[in-house]
Amino acid sequence: MRIIIIGGGEIGFALASQLARDHSVSIIDSVVAVGERFDAVDVAFVRGSGTSAEALGRAGVATTDLLIACTGLDEINMVACAVARRLGAARTICFVSREDFAGSDSSAEAVQTHFGIERIIWPEAQLAEEIERIIRSPGAIDAETFAEGRIQLLEFRLPASSRLIGSPLAALRLPPGALIVAVKRSDTIEIPRGDTHLLADDKIFVMGVPIAVAEIAPQVHAGREGRAAQLVTIIGGGDVGYRLAQRLDTGGIDLRVIERDRTRGELLASSLRHALVLHGDGTDLELLESEAIGRSDVLVSVIDNDERNLLASLLGRQLGVARLITRVSRPANLRLFERVGIDVALSARGAAVNALVHEIQGGRARLLAVLEEGQATIVEITVPAGFSPRALMDMKAPAHSIVGAILRGTEVIVPRGADQIRAQDRLLVFAAADAVARVRNYFGSA
Amino acid sequence: MRLSVLAQTTGTFLLYFSGAFAAPLGVAVLYREWTDALGFLGAGLLSAAVGWLCARGRSPVNGVTRVEGLAIVSAAWVLIAASAALPYLVSGLGPIDAMFESMSGLTTTGATVIRDFTAHGHGLFFWRSLTQWFGGMGVIALFVAVLPKLGIAGRQLFFAEAPGPVDEKLTPQIRKTAGALWAVYAGLTVLQFVALLATGMPVFDSACHALTTLAAGGFSPHPSSVAGYQNPAAEWVITAFMFVAGANFALHYRALRGEWRAFLHDEEFRAYVAIVGVSVLLLMVFLRADLVGPVERVRVSAFQVLSILTTTGFASADFQLWNEQAKMVLLALMFIGGCAGSAAGGPKIVRQLLIARYTLNEVRRTLHPRAVLPVKLGGRVVPEEIMRGVLVFFLFYLLVFAVSTLVVSALGADLLTAITASIACLGNIGPGFNAVGPMASFADLHPVSRVVLTAAMWVGRLEILTVLAVLHPDAWRVLRR
């Protein structure tokens, strides 16, 4: 596939380095220094403006299959998409960072159509939604929902005190309708069997219907980590913090937002109904202490600076915060953060890039979620019409994959070995990165 | 400040205002009150002459500065009040009393110094009511609406006179906004006139009451106010229209255009309804021994609550005779007033709402010293300048109230009389308690007290800061050049 990426910033670089192996990628950026950064990657660098027809022409826009506009400026991205589409680009994807163009109302859709944009990606909003899901799932370090909310996937890290540790999986009394689909131990993902023993510090992936999945949390965490969050503190009222606060500001959660900039704080306070906006620095220990931030069930640190995020989070931990969720800008910092005790470390751009790369690579299977920085995915597969019904345990499913849920019409089945798979079923399959292709082929050929 | 601009604009206003004397002249002729008719004719001609002299021979105004706008409004109100006082002089009142009665009319206060109602003719009572009607929606607003040549200047004048801190424009052009408000106002007045006729009230009295109800004025041609008619149906009609007069006319305008929901979304209107509801219930409880039957209890309570809250000042009963608790409810209402953008006076509900929220925020701030706590109204943040303006307004309001009370009581009135006379004049309400009760007259007060109260009505109607700004040395500094 021929791909043009406009903007050689962090997103552009991450996309290019992952896509360059299998596709022919051109980067357009007006800064020469950016080009040098791409020397190590096998891409063509075109110097020029992404909105100039001439530069787009040099990058071969007429025959390109996909154009991704990911400069830091929304307007440039949109105009670039519009121009490229005119000049013959088959598909366009546009990154935005403001609400103006990505709102959910029909006018935003009209704008999208007008500019010939196939998809708008707003990483900050996606991150805010993801953090909200995690906050609303007690004790979880990742949370996804599928099939209009009928199926939920939660990821937990097991503390040493967890009730799930000690006995083999088969002996655990898990709520019906919930399934432990995978275990991640020392960086490898395994599909557990009945005789698997869970250990402390394992990450487990639980899939199932929401009521059943919610019952797992108290079994993972004995203390208040396992209970629904009531007091949430957000440090940083930027794009992500603001959106997250809006989503949580329904009155059920006692919400505090700490923002360093006075004017920004006023903007937040004006549009949030219930939240308490505090003007100050998230790393100011005196402020954190006087506002009793330590009593928070969740502390979300979403400043645009990794070091300060880490400092604020660790201060929160010192003061006794139960769960820490922290934004990471540099993907390399993700593991570092988790190693020093951050419960959930998330990268806005990282998540968006991973999702996009999987989508481009994945072809026909519908990709629903990317987990653990791309180590695993949830894909949806529709069973072909000619498939003769057979029980799950009789199938030789590809290694490193498991059917987490069967959607049959309006029915949702969290399968056990004896459950049958029939033609036209929609399967939600958990698959490690190396198994995705095999899973697709398995049903494709069957 | 350019005195020529001041003279020309106020002169023009006076010239146009002189046309208003035609109405009472007609009424006086109709009732064959020839002396009064001559008085109206003379007053009209004199006003026209003075106005013409002021406005004569000056080049048309191109733009008015802020100070000039405030000065024009302040001066025009005094000048027009003086002009409107002329018929009272002819009818036998002294200069201080004539000015008091005239200012009480134009500012829609409704306080009266007339003791003997039989000594004056129909023409004069009609004039009294008509001045209130002009003052209700604002004389200046009327001029802005009908005088095309005011142009841009109209904007300054309109807001200098407008009641309440929120400058809401219904249409992009200020002239059309003023016109729309006046049209709604006039239409409602006609509607009430018809409704009062239907209850069996005589034509003359219906007209007078319709003119003074929508204006939240409170002048009645009857010495015992509305109580003198013993007509429950008319009381209900007046109660309903007082409620309308106390609400924001911008909302009425939008409702007439089909946006009924505007009422529900308006926080001030909801507070207005809540205050009325609670006060009526309180009065019903406190007056349970005095009033017989639930219907009468509701009617009398609702009438008096709305009469005081909307600063109209009618009385359907002599509330001077009520018990202390009931009077206390009315006294509290005197400090609230109607909605911004209504015909009502007082500090206005929206200001009290903002002050309450500001205070609550300060309480919260002692718990969270670093909290960012903007004051919100209708989901939107109230800008710091407006909030400050509201606080300063209220402080000055209380200051003027205190000074006025001090003067009136120092000159011989008892404390309750002094307090209620001051708040009733400053808030443009009308009657107070004791010596200035609903069936009494302000004529018993010391002459200096009456002058001070006349000034209080003027300052209260123009919402204090308009007048204070003109009195500030800065406003006059330019003049010396």
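Among contacts in chain B between residues at least 6 apart in sequence, what percentage join residues at least 24 apart? The share is 71%, two residues being in contact if their C-beta atoms, placed from the backbone, lie within 7 Å. The model is a predicted one, in which local features need pLDDT of at least 70 and side-chain atom pairs count only at pLDDT 80 or more, while totals for chains, interfaces and linings use all residues. Residues are numbered from 1 along each chain as its sequence is written, and chains are lettered from A and ligands numbered from 1 in the order in which they are written.

**Chain B as a whole**

Select chain B, which has 22 helices and three strands; helices (H or I, at least four residues) and strands (E, at least two) are DSSP runs, numbered from the N terminus. Its radius of gyration, taken over C-alpha atoms, is 22 Å, close to the 23 Å of the globule rule (2.2 Å times the number of residues to the power 0.38) for 481 residues, so chain B is as compact as a globular protein of that length. The C-alpha trace spans about 60 × 60 × 50 Å along its principal axes. Of the 481 residues in chain B, 53% are buried, meaning that 20 or more other C-beta atoms, placed from the backbone, lie within 10 Å of the residue's own.

**Helix H12 of chain B**

Next, select residues 249-256 of chain B, helix H12. Buried here are B:Phe249, B:Ala250, B:Leu251, B:His252 and B:Tyr253. Display helices H9 (174-198), H11 (232-246), H13 (261-265) and H14 (267-286) of chain B, which are among the elements covering these buried residues. Just after H12(B), B:Gly258 has a positive phi of about 100 degrees.

**The nonpolar cores**

Now select B:Val73, B:Ile80, B:Ile140, B:Ala141, B:Val144 and B:Ala421, which touch the most other members of the largest nonpolar core, a set of 149 residues. Such a core consists of buried Ala, Val, Leu, Ile, Met, Phe, Trp, Tyr and Cys residues joined through C-beta atoms within 7 Å. Helix H4 (residues 66-90) of chain B gives the largest share, 13 residues. A second, separate core has 137 residues, including A:Leu19, A:Leu127, A:Ala140 and A:Leu248.

**The sheet of chain A**

Finally, turn to chain A, where six strands form an open parallel sheet in the order S3-S2-S1-S4-S5-S6; two strands pair if DSSP finds at least two bridges between them. Strands S3 (44-47) and S6 (119-121) of chain A are the edges, each pairing on one side only. Strand S5 (residues 91-95) of chain A pairs with S6(A) in the parallel sense over three bridges, and A:Ile93 stands opposite A:Arg119 in S6(A).

Technical notes:
A residue is buried if 20 or more other C-beta atoms lie within 10 Å of its own, exposed if 12 or fewer, and partly exposed in between; C-beta atoms are placed from the backbone.
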